[in-house]
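Thanks for asking me to look this one over.

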Amino acid sequence: MPERSDQNADQDPGRNGGPHRGPYADPHVDPRADLDAAVQRLAGRLRALPQRRLRSGAAATGLELARWLAREAQLLEFPGREPYVMPDDGVFVVGDQLALAGRELLAVARIPEHYGLLAEAREKVAQAARAVD
């Protein structure tokens, strides 16, 4: 089998034109478990941060992500209804809010057509994690 590289990536039918597109082209990768692990990891990191770091932007980053995840979950679950905005309950609960919002999205994004949304969510979690570091 040839070595995998970016040069032959576009020859992979699962990446371009195959039934599985995007970052979850491998049918053995569970995008829901991947997103859940990333969200829970970031939520735990936010719970462990000192107040100074939370107030210097980490909590705002976490809340922004939690609100986006919650909004996307509501749009899937209740199409046509204006989503509620997750409240700002303070810097010490943002980790819990993020964990909850992630689980809400995973509860409603269950079909393969939602994999694009899950990939977008995973990228947003990765960006937030980099910002919190």
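1. Let's begin at A43, which counts as buried because its relative accessibility is 0% (buried means under 20% relative accessible area, exposed over 50% and partly exposed in between, using a 1.4 Å probe and protein chains only). A43 lies in helix α1. Leaving out residues up to four places away in sequence, A43 touches G95, L98 and A99, where contact means heavy atoms within 4.5 Å. A43 and Q97 are 54 residues apart in sequence, yet their C-alpha atoms are 8.2 Å apart in space.

2. A word on what you are looking at. This is a predicted model, in which local features need pLDDT of at least 70 and side-chain atom pairs count only at pLDDT 80 or more, while totals for chains, interfaces and linings use all residues. Residues are numbered from 1 along each chain as its sequence is written, and side-chain values use heavy atoms, with hydrogens and water left out.

3. Now the overall fold. The protein has 4 helices and 0 strands, and the order from the N terminus is α-α-α-α. Helices here are DSSP runs of H or I with at least four residues, strands are runs of E with at least two, and both are numbered from the N terminus. Of contacts between residues at least 6 apart in sequence, 71% join residues at least 24 apart.

4. The largest nonpolar core has 33 residues, and L35, L42, L46, L69, L98 and L105 touch the most other members. A nonpolar core is a set of buried Ala, Val, Leu, Ile, Met, Phe, Trp, Tyr and Cys residues joined through side-chain atoms within 4.5 Å. At least two residues of this core come from each of α1 (31–48), α2 (51–77), α3 (94–108) and α4 (115–132). Helix α2 gives the largest share, 10 residues.

5. Setting aside neighbours within four places in sequence, L98 is in contact with V39, L42, A43, L46, G62, L65, A66 and L69.

6. V94 is found in helix α3 and is buried, because its relative accessible area is 1%. Not counting residues up to four places away in sequence, V94 touches L46, L54, A59, G62 and L63.

7. Is Q97 buried or exposed? Q97, found in helix α3, counts as buried because its relative accessibility is 9%. The Q97 side chain reaches the backbone oxygen of P87 at 2.7 Å. Beyond neighbours within four places in sequence, Q97 is in contact with L63, A66, M86, P87 and D89.

8. R47 is found in helix α1 and is partly exposed, because its relative accessible area is 44%. Its contacts, leaving aside neighbours within four places in sequence, are G95, D96 and A99. R47 and G95 are 48 residues apart in sequence and 5.2 Å apart in space, C-alpha to C-alpha.

9. For the loop between α3 and α4, have a look at H114, which lies there. H114 counts as buried because its relative accessibility is 16%. Apart from neighbours within four places in sequence, H114 is in contact with L76, V108 and A109.

10. Which charged residues sit over rings? R81 lies over the face of F78, at 4.2 Å from the ring centre, and the charged end of K124 sits over the ring of W68, 5.0 Å from its centre. The test is that NZ of Lys or CZ of Arg is within 6 Å of the ring centre and within 35 degrees of the ring normal.

11. Lastly, A131 is found in helix α4. A131 is exposed because its relative accessible area is 52%. The C-alpha atoms of A131 and G57, 74 residues apart along the chain, are separated by 8.7 Å.

How values were computed: Polar contact = N/O pair within 3.5 Å; in protein donor to acceptor, adjacent residues only side chain to side chain.
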